[in-house]
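Please look through the sequence and the model shown below.

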Amino acid sequence: MITNRFAGRVAVVTAGASGIGLGIVRRLVAEGARVVIGDIDKEGLKRAAEEFGTHVTPLHTDVRQEADIAAMVETAVTSFGRLDCAFNVAGMGGGGPVLGLSAEEIDAVLSVTLRSTFLCIKHEASQFIAQGSDGAIVNIASINAIQPAEGSASYNAAKAGVVSLTQSAALELGEHGIRVNAVGPGLVGTPMTRSLTGNPAIAQAYRDATPLQRPGRPEDIAGAATFLGSDDAAWTTGQTLYVDGGQTVTGYPRLLRLFEQSNMKMPKIADQD
Ligand SMILES: NC(=O)c1ccc[n+]([C@@H]2O[C@H](COP(=O)([O-])OP(=O)(O)OC[C@H]3O[C@@H](n4cnc5c(N)ncnc54)[C@H](O)[C@@H]3O)[C@@H](O)[C@H]2O)c1
């Protein structure tokens, strides 16, 4: 059910041009928000501008660059007058098994997935405090924070970091009326997971491991994320809500052997969209 929880409110959404981020933007706009979409995908930003018109400001934002994050927050103020809530979605999968990881691969995953979340929280919370309002921050973690995927140690560790950071930020920012929570999705069908959902054996292994027997959709995650970003969650902070069709109550598919059985290599960062 779509209500009007974000009428008159202003949000920023990183990685909002695709997948889960785009799902969150759709739900926010449907509920009355105006949104700055930060992403590095120029074509995706153009498509978002066409879909949402004056409800959004698309902005080229590389979350690896602190100046870009600061500019995204500033754009919410210049475009729409203030900032009420923030959805830090950007993250990067892949990496590879621990034994073969290069320092550059570790840095790449940590930078987009964890370091960016630190910097986003810093700039978003500073804006809430500067305008003298409370605010809500929602980070996108993953079930891999607590149920690691084989061959993705840097990603698993980065997402565990996002869960811990969510708690630390909630602890420090509560006195300002700022809530910080996270959503931990299970497997969601997006460009990022095409190598998993597009492989019949692997897709079946995920279905077997998921009590609700289907991959998630971006709108499944958007429902939980907007709940945490809304007044419905006014007394909820420091929490990670795992939204996964029940997957965390079973086991995680053994990805390395599944790829091997399909005569395929698990993609590394460079192979992913
Ligand atoms: N899809 C899943 O199964 C799943 C599960 C758990 C967590 N997540 C997390 O959800 C988030 C979104 O993933 P998705 O599945 O929607 O992926 P997606 O591939 O659909 O979208 C990723 C978006 O991030 C943008 N992006 C990449 N690098 C960026 C950067 N440096 N700065 C700004 N934007 C950048 C891309 O341009 C793209 O628009 C990620 O943090 C991911 O780790 C996804």
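Is Ala15 buried, partly exposed or exposed? Ala15 is partly exposed, because its relative accessible area is 21%, where buried means under 20%, exposed over 50% and partly exposed in between (1.4 Å probe, protein chains only). Its place is in the loop between β1 and α1; helices (H or I, at least four residues) and strands (E, at least two) are DSSP runs, numbered from the N terminus. Although Ala15 is not a glycine, it has a positive phi of about 55 degrees. Most residues other than glycine have a negative phi. Asn263 likewise has a positive phi of about 55 degrees without being a glycine. Asn263 is found in the segment after α9 (255–261) and counts as exposed, because its relative accessibility is 74%.

The model is predicted: local features need pLDDT of at least 70, side-chain atom pairs count only at pLDDT 80 or more, and totals for chains, interfaces and linings use all residues. Residues are numbered from 1 along each chain as its sequence is written, and side-chain values use heavy atoms, with hydrogens and water left out.

The ligand is surrounded by 27 residues, of which the closest are Ser18, Asp39, Val89, Tyr155 and Thr190; a residue is counted here if one of its heavy atoms lies within 4 Å. A polar side-chain atom of Tyr155 lies 2.6 Å from an oxygen atom of the ligand. A backbone N or O atom of Val188 is 2.7 Å from a ligand oxygen atom, and a polar backbone atom of Val63 is 3.0 Å from a ligand nitrogen atom. Taken alone the ligand exposes 830 Å², and the protein buries 91% of that (Shrake-Rupley method, 1.4 Å probe).

Beyond its neighbours within four places in sequence, Ser154 is in contact (heavy atoms within 4.5 Å) with residues including Gly94, Leu101 and Val109.

Leaving aside neighbours within four places in sequence, its contacts include Val36, Met72 and Phe87.

Conventions: A polar contact is a pair of N or O atoms within 3.5 Å; within protein, one must be able to donate a hydrogen and the other to accept it, and residues adjacent in sequence count only if both atoms are side-chain atoms.
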